[in-house]
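Q: I want to learn how to read a ligand site and the pockets of a protein. Can we work through a case?

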Amino acid sequence: MTETKFTPRVFSGIKPSGGLTLGNYLGAIKRFVGMQGAGFETIYCVVDLHAITVWQDPAELKTATREVAAGYLASGIDPEKSILFNQAQVHEHAELGWIFNCVARVGWMNRMTQFKDKAGSNAEKVSLGLYAYPSLMAADILLYHATHVPVGEDQKQHVELTRDIAAKFNHDFKVDFFPLTSPVIEGPAMRVMNLRDGTKKMSKSGESDMERINMTDDADAIAKKFKKARTDPEPLPETLDGLKDRPEARNLVDIYSALNDMTPEAVIAEYAGAGWGRFKPALADLAVDKLAPISTEMERLMNDPAEIDRVLGRGAVRAREIAAPILKQTYDIVGLLRS
Ligand code: TRP
């Protein structure tokens, strides 16, 4: 099957669980902004149905959903250029998710490394939703016949599963209905690491707030965290190769390069031989420059939740205009009667 019969369309989503970090910004949102108006229709979602695969406090879930929406908007997702909504307002996601539960095979789900990592030795006690999560993710994507999905490396396997589900559906029902979606994985700092331990991913749940940059951090907090970030005693090397086995140094160089839209090689060329006393303040200034306006705007938006809800509501109406006909055709293909 060729992808040409499908409109170039981007779909991606972020879970509202905990707050947003620099990892979400550089690994996802910044790229989503860049894909707007670049020859794609762009659809961005706050995937709240995914968040509840693990326990979420109901009142906090609504706040977290609005915070992700505010993060998208403050970073430059324009609701006139993109469709921005939260998943729970488009019930077609759950419906197609069920159909895909009946297409995906248990053997496929058993191969999902993220589930194995998350469930660990506790696999008997986690929710059935956590196990079925990748099939809902496939529904998110295929409900819009999305052709491209920008995601981090950790989600690549789920996009491959999405392709397997599309292919099996098309094959079983002898149709050419769902596209084989491509993951879009690129750029430095795709994986932003912890500021205190460069071998661990920057996460919203780590024990110390100093190990991460939150998208809601103000200028002072951003500067302080970069200045206190853990490093080794060596100055920056002459070539990128010299950052091998220096995870903290590599992370800071990658963050600088992603924030400043340059390659890590160019950062090294500029700072070869520089000590941390020079590089860290430069990084702190750059980060404050790029991130503080976003956190200020997020704060303004979070003080007007009704406006966020209006944006999400309008986005959901537009999302349903695409999703409803595709779900209806899916029901027809499967033979589900609706009178
Ligand atoms: N699983 C993704 C994550 O944890 C979030 C997600 C849900 C998603 N549905 C999606 C991403 C559809 C891209 C497309 O990051």
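The dialogue below goes from the ligand to the pockets.

A: Keep in mind that this is a predicted model.

Q: Which polar side-chain atoms lie 2.6 Å and 2.7 Å from a nitrogen atom of the ligand?

A: Look for N and O pairs; the cut-off for a polar contact is 3.5 Å. Tyr133 places a polar side-chain atom 2.6 Å from a ligand nitrogen. For Asp140, the distance from a polar side-chain atom to a ligand nitrogen is 2.7 Å. Gln155 also takes part: an N or O atom in its side chain is 2.9 Å from a nitrogen atom of the ligand.

Q: How much of the ligand's accessible area does the protein cover?

A: Compare the ligand on its own with the ligand in place. On its own, the ligand has 360 Å² of accessible area, and the protein covers 90% of that.

Q: Which pocket is the space taken by the ligand?

A: The ligand takes the space of the largest pocket. That pocket has a volume of about 1,200 Å³. Its lining counts 44 residues, and those closest to the centre are Lys15, Asn24, Asp154, Gln155 and Lys201.

Q: What makes up the lining of the largest pocket, by element and by class?

A: Elements that give two or more residues include β1, α1 (22-35), α7 and β4 (148-150). The largest share, six residues, belongs to α1. By class, the lining holds 17 nonpolar, 17 polar and ten charged residues.

Q: How much space lies in the second largest pocket, and what lines it?

A: Take volume, then lining. The second largest pocket holds about 240 Å³. Among its lining residues are Asp48, Leu61, Arg66, Asn86 and Asp309. Two or more residues come from each of α2, α3 (58-75) and α13 (305-334). The most come from α3, with four. The classes are five nonpolar, three polar and four charged.

Conventions: Residues are numbered from 1 along each chain as its sequence is written. This is a predicted model: local features need pLDDT of at least 70, side-chain atom pairs count only at pLDDT 80 or more; totals for chains, interfaces and linings use all residues. Side-chain values use heavy atoms; hydrogens and water are left out. A polar contact is a pair of N or O atoms within 3.5 Å; within protein, one must be able to donate a hydrogen and the other to accept it, and residues adjacent in sequence count only if both atoms are side-chain atoms. Accessible areas come from the Shrake-Rupley method with a 1.4 Å probe; for residues, only the protein chains shown count as cover. On a 1 Å grid over the protein atoms alone, a cavity is a set of points where a 1.4 Å probe fits but cannot get out, and a pocket is an open set with protein on both sides within 12 Å along at least five of seven lines; lining residues have an atom within 4 Å of a point. A molecule sits in a cavity or pocket if more than half of its atoms lie within 2 Å of its grid points. Grid points are joined across faces, edges and corners, and a volume is the space filled by probe spheres set on the points. Ala, Val, Leu, Ile, Met, Phe, Trp, Tyr, Cys and Pro count as nonpolar, Asp, Glu, Lys and Arg as charged, and the others, Gly among them, as polar.
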